[in-house]
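Subject: Structure handover

Hello,

Here is the structure I promised you. Please open it beside this email and follow along.

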Amino acid sequence: MKKSNLFWYQAFLSFGLLGVLFVPFSFRYFDFQSKITKFIFEDLILLISSYFKSTAISNPEITSDSTMLYYLFFILFILCLIFTVAFSFFEFWKNHKTPIIKAFQIVLTYYLACIMLKYGLDKIFKVQFYLPEPNILYTPLGMLDKDILFWSTMGTSYSYNIFMGLMEVVPALMLFFNKTRILGLLILSGVLMNVGFINFSFDLSVKLYSLFLLLICFLLLVPNLKKIILFFISNQPIVLSHFKGSDIISSKSTRISIKTLIIIFIFMESLFPYIQNQNFNNDNAIQNPLHGAYEVVKIEKNETKKNSVNLKIKRIFIHRDSYFIFQYEDDSMQDFYLEINEAKNQFTLTNYNSQKIRLHYKFADHSKTLTISSPELGITFYTKSLPWKQMPLLQPLFHWTVDEIH
């Protein structure tokens, strides 16, 4: 590798390593990562952003595709350039550059395996793309954003979720073994390119992170990329260069111990929660018994009460993630965070201004009717449960021929 190319390769490897350490990810057993990132970088990001009024920060949280995350990536890239230049003056770096680079590659390999296993299993167990919620099913198609439409469409097919999950899980497992590592990276490069295009095409808010994972995959393939291209063009046998633990740690027992601990941690992150909860298909997870869609059949209002409540409500939805949603006659929706007190038969709705509304409810299981009343507002809603799970979109239809379609 040419000297200039080697400099940039080292710089991007350092960038990848800094990303592994500081780019927030929803780890279950490593949740302090985001707190460390916030402690180190939040004030610096806010200071830098104060000089760029065109990219004002409205949300100070470092979350997916937020302005804060863009600034974080920018800062990490500047840091990696500084580190790469600075390290070149140290004799230790000059004498141990090759094993250090291989150590960086190994760290990035296991990080990529961990993330792809987690995403893959989330698909297989229907956590990422879950069954569309009733409020989505009763929203006119043209009123849905592209990201919600994509998410909901994916959630209707259990078989395709399993396929997508396996396309991430299998190559991720291949990264654990030297002999299959390059092939796993090749498969993942195609998978991640597809994920990236989906994120951009459907405006999903994981664009930056998917590009970061694709960069890691590309960096791990770079040492063999020219050989792989020549193999497919010239059809000549090639010898691939592997980055192995033995290049860094000579003791076999130490290598095995470290690798075992890493793999245990990865599986604790990605698989153990499903084993612990015995939930291997999130669509079948136990929901709130009131979860569903309700048609408003009658509204009674006490005329002595003065209020500005919009009574043009045609449906009410109780979301699986504890949201209470009104659908009005023009199909617009208003949502509230929902707390249910079953002992008092009471709903507590909280809007985005932290204002609370308390409602009394009564559910008749035999007639599937839900009555909701507010003595404070002088309003009573009489609703009937809708059979939302019987809607055509959720039916497991399959046709071998067009003649079967009616």
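Which residues lie nearest the centre of the second largest pocket? Keep in mind that this is a predicted model. The residues nearest that centre are Ile106, Val107, Tyr110, Ile258 and Ile262.

**The pocket**

In total, 29 residues line the second largest pocket. Its volume is about 730 Å³. Five helices each give at least two residues to the lining: α1 (3-22), α2 (33-49), α4 (91-124), α8 and α10 (252-270). The largest share comes from α10, with eight residues. By class, the lining holds 21 nonpolar, four polar and four charged residues.

**How the helices pack**

A packed pair of helices is described by the angle between the axes and the distance between them.

Start with α7 (residues 158-174) and α8 (residues 178-201). Their axes come within 7 Å and cross at roughly 150 degrees. An angle over 145 degrees counts as roughly antiparallel, so that is the term for α7 and α8. Their crossing is left-handed. On the α7 side, the contact is made by Met167, Glu168, Pro171, Ala172 and Met174. On the α8 side, the residues include Thr180, Arg181, Leu183 and Gly184. Sorted by class, this contact has nine nonpolar, two polar and two charged residues.

Next, follow α8 to α9 (residues 207-234). The axes of α8 and α9 come within 9 Å and cross at roughly 145 degrees. This crossing is left-handed too. Among the α8 residues in the contact are Ile182, Leu185, Leu186 and Leu188. They belong to a set that meets α9 residues including Lys207, Ser210, Leu211 and Leu213. The contact of α8 with α9 divides into 15 nonpolar, five polar and one charged.

Last, look at α4 against α9. What angle do α4 and α9 pack at? The angle is about 135 degrees, and the axes are 10 Å apart. The pair α4 and α9 is therefore oblique. Here as well, α4 passes α9 in a left-handed crossing. From α4, the contact takes in Gln105, Leu108, Thr109, Tyr111, Leu112, Ile115, Met116 and Tyr119. From α9 come Tyr209, Phe212, Leu213, Ile216, Cys217, Leu220 and Pro223. The residues of this contact are 13 nonpolar, two polar and no charged.

**Where to look**

Begin at α10, the helix with the largest share of the pocket lining. Then move to α4, which also supplies at least two lining residues and packs with α9.

Best wishes

Technical notes. Residues numbered from 1 in each chain as written. Predicted model: local features only at pLDDT ≥ 70, side-chain atom pairs only at ≥ 80, totals over all residues. Heavy atoms only, no water. Axes fitted to C-alpha atoms, helices over the stretch in contact; angles between N-to-C directions. Helix = DSSP H or I, 4+ residues; strand = E, 2+ residues; numbered from the N terminus. Parallel < 35°, antiparallel > 145°, perpendicular 65-115°, else oblique. Left-handed = near helix turned anticlockwise from the far one by under 90°. Contact = heavy atoms within 4.5 Å. Nonpolar A, V, L, I, M, F, W, Y, C, P; charged D, E, K, R; others polar. 1 Å grid on protein atoms, 1.4 Å probe; cavity = no way out; pocket = protein on both sides within 12 Å on 5 of 7 lines; lining within 4 Å. Points joined across faces, edges and corners; volume = space filled by probe spheres on them.
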